[in-house]
Amino acid sequence: MARLVRERNDIIPILGEVFRAHGYEGASLQVIGAATGLGRGSLYNFFPGGKEEMAAAVLADIDRWFRDEIFRPLEVAAASAAPYLVRTAIHEMAAAAAGYFQGGRRICLVGAFALDGVRDRFAAAVAGYFRAWIEALGAALVTFGLSPTVARARAVAAVADIQGALVLARALDDPGVFDMRLKAVVTALTAGWNGVG
């Protein structure tokens, strides 16, 4: 059944799933057209830059979602300097990540692009996504009394663990791996906080 596409923003989530399923190279205009119900002319009308512009739009949409749902709440909690708000924000980060990645069933497209041959083409977007997550989480962890260096190291480890858990859950076809590691990440990040403040 063809989907009703009225504007460019209607296409972006569909494109994201096409790139997740087929990779950048495998997502031909024929595959994209079949998924969106649009012909080449309509696709180029929405995305004059072709597939590269489509992928850039998908990455920008992912970045927007993560900024709104994960990075900004961590930044707000960090700015509050209230450890209990940071602890809450870390739990909310995990819940948002679990929802977005469908409990380990959905790959991280940014991570996939980082490993793919197109990494250099989208290097700024890929690096920006990971840097923003690490910086927001690291700033939040400083509220627990950690030095910026230690907080950043823990943030790097947490993001790496989440990304690695996604890969492992897919490789083993076991979403429980993602859930288990996500819980471990939250425990590791909040373990040093004594509940005061």
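Before we go on, a word on the model. This is a predicted model, in which local features need pLDDT of at least 70 and side-chain atom pairs count only at pLDDT 80 or more, while totals for chains, interfaces and linings use all residues. Residues are numbered from 1 along each chain as its sequence is written, and side-chain values use heavy atoms, with hydrogens and water left out.

Now the overall picture. The C-alpha trace spans about 60 × 35 × 30 Å along its principal axes. Of the 197 residues, 43% count as buried; buried means under 20% relative accessible area, exposed over 50%, and partly exposed in between, using a 1.4 Å probe and protein chains only.

Let's visit helix α9, residues 175-190. How far apart are its end C-alpha atoms? They are 23 Å apart, which agrees with the 22 Å that its 16 residues should span at 1.5 Å a residue; the expected span is 1.5 Å times one less than the number of residues. Buried residues in α9 include Val 177, Phe 178, Leu 182, Val 185 and Val 186. An α-helix has 3.6 residues a turn, so residues three or four places apart point the same way. The buried residues of α9 pack against α5 (83-100), α7 (123-142) and α8 (148-172), with contact meaning heavy atoms within 4.5 Å.

Most residues other than glycine have a negative phi. Asp 173 is not a glycine, yet has a positive phi of about 55 degrees. Is Asp 173 buried or exposed? Asp 173 counts as exposed, at 69% relative accessibility.

Gln 102 also has a positive phi, near 50 degrees. You will find Gln 102 in the loop between α5 and α6, and it is partly exposed, with a relative accessible area of 44%.

Finally, which element gives the largest share of the lining of the largest pocket? That is α8, with four residues. Here a pocket is an open set of points on a 1 Å grid over the protein atoms alone, where a 1.4 Å probe fits, with protein on both sides within 12 Å along at least five of seven lines; lining residues have an atom within 4 Å of a point. Phe 130 and Arg 170 are among the lining residues.

Technical notes. Helix = DSSP H or I, 4+ residues; strand = E, 2+ residues; numbered from the N terminus.
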